[in-house]
Amino acid sequence: SYNKMNVFHWHTYDDQSFPIECKKYPQLAKNGAYGPEYIYTQEDIKELVRYAKERGVRIVPEFEMPGHSSSFARVISTMYPESHQSGSLDPANPHTFTILGDFFNEMKEL
């Protein structure tokens, strides 16, 4: 079991659902998750990290970008090209990086 058996690769969200609580942008999970019962709160995430650490399991969260992120578009449409909501973030828009910076700064503390 020395070969990746102690790694939890967590595919945190996709086009269909955004189930991660973000305090700076609470509408992401509120409007992006399948329902309120399907949201991982920040306390849930901290508990999962603690539980995994006690058992020697490394958690590798996957935040899939720029594609597979249309769950963002339902909530923060300014992150996408004006011509269409393709599910890919707009790298030419500085607002995109402001939001992502805020989001990742919050997530890294968990």
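Okay, a definition to start: buried means under 20% relative accessible area, exposed means over 50%, and partly exposed is in between, with a 1.4 Å probe and protein chains only. By that rule Glu47 is partly exposed, because its relative accessible area is 39%.

Some housekeeping. This is a predicted model, where local features need pLDDT of at least 70, side-chain atom pairs count only at pLDDT 80 or more, and totals for chains, interfaces and linings use all residues. Residues are numbered from 1 along each chain as its sequence is written, and side-chain values use heavy atoms, with hydrogens and water left out.

So, the overall picture. We have four helices and two strands, running β-α-α-β-α-α along the sequence. Helices (H or I, at least four residues) and strands (E, at least two) are DSSP runs, numbered from the N terminus. Of the 110 residues in the chain, 35% are buried.

Back to Glu47. Its side chain meets that of Arg50 in a salt bridge, 2.3 Å from N to O. By salt bridge I mean a side-chain nitrogen of Lys or Arg within 4 Å of a carboxyl oxygen of Asp or Glu. The structure holds six salt bridges.

Now for Glu106, in helix 4 (residues 94–107). Lys23 has a salt bridge with Glu21, with the closest N and O atoms 3.6 Å apart. Lys23 counts as exposed because its relative accessibility is 55%.

What Glu106 does have is a polar contact of 2.4 Å, side chain to side chain, with Gln42. That term means a pair of N or O atoms within 3.5 Å; within protein, one must be able to donate a hydrogen and the other to accept it, and residues adjacent in sequence count only if both atoms are side-chain atoms. Leaving aside residues up to four places away in sequence, Glu106 touches Glu21, Cys22, Lys23, Lys24 and Gln42, where contact means heavy atoms within 4.5 Å.
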